[in-house]
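Dear colleague,

Please find below the structure that I am handing over to you. My notes on it follow directly after.

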Amino acid sequence: MGIILDELERLGIDDRTMIIFCSDNGHEVYALQEGRTSGRRADLNEEPFDEITTKFYSETGGDVFNGNDGMGGLKWSSWEGGTRIPYIVRLPERISPGSVSNHRIANYDLMPTLADFIGAELPEGKDGVSFLPTLLEEYEMQQNREWIVYASRLGPALVTPDGWKLRYVNSTDSFQLYQLNDDYREENDLSPDHPDLVFRLSEWDA
């Protein structure tokens, strides 16, 4: 990263180049060692994760790096630990250093953001929404979508801007509902308490 920054400065374009650092979906534990890391299938006590009521957490699966930052799940799952990614953007004199945003984005928002940044017209039929206003702290200009949908081998999930998450489980043909703003670890399934919301969000997902 330092080599790239040095080269941009040498070329004289450092102050007008946007650098974006991110990863693909979610966290994974690849190196397994008995008694220390258990992987995605079971915890350190060899109790299996069913990905419905039990799931990987760093403390139960033995991830000493806590790559999920306390969230549940691993890559390929629809838990937040399997989908959230690091996302760092640098643009000198336009993005405040050290600033943090809770605006929810997906990687398919990147194309419209870059098009917005360079003043290019976006092709029709794209699902993304530019988050350039959020980067520039022009929050009143930021457009929001009604939801973000993502897939997994267990079934899709839908998340709303106000933190409601509907999770569909293929194997049981059932839904789970979480409020991410209050339940970072996705431990409390609220679907029995909000059947109307489950129905409304499931219609969006359809």
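A pocket, as the term is used here, is found on a 1 Å grid over the protein atoms alone: an open set of points where a 1.4 Å probe fits, with protein on both sides within 12 Å along at least five of seven lines. Lining residues have an atom within 4 Å of a point. Grid points are joined across faces, edges and corners, and a volume is the space filled by probe spheres set on the points.

The model is predicted, so local features need pLDDT of at least 70 and side-chain atom pairs count only at pLDDT 80 or more, whereas totals for chains, interfaces and linings use all residues. Residues are numbered from 1 along each chain as its sequence is written, and side-chain values use heavy atoms, with hydrogens and water left out.

The second largest pocket holds about 160 Å³ of space. Its lining includes the run from H27 to Q33, and R36, T37, D63, V64 and F65 also belong to it. By class, this lining has 6 nonpolar, 3 polar and 3 charged residues; Ala, Val, Leu, Ile, Met, Phe, Trp, Tyr, Cys and Pro count as nonpolar, Asp, Glu, Lys and Arg as charged, and the others, Gly among them, as polar.

Turning to the overall fold, the protein has 5 helices and 6 strands, which are DSSP runs (helices H or I, at least four residues; strands E, at least two) numbered from the N terminus. Their order along the sequence is α-β-α-β-α-α-β-β-β-β-α. The C-alpha atoms fill a box of roughly 55 × 45 × 30 Å along the principal axes. Of the 206 residues, 41% are buried (buried means under 20% relative accessible area, exposed over 50%, partly exposed in between, with a 1.4 Å probe and protein chains only).

F21 lies in strand 1, residues 19-22, and counts as partly exposed because its relative accessibility is 45%.

Two residues deserve a note on their backbone. Most residues other than glycine have a negative phi. E46, however, has a positive phi near 65°. E46 is placed in the loop between strand 1 and helix 2 (58-61), and it counts as exposed because its relative accessibility is 66%. N66, also not a glycine, has a positive phi of about 50°. N66 sits in the loop between helix 2 and strand 2 (87-90); with a relative accessibility of 32%, N66 counts as partly exposed.

With kind regards
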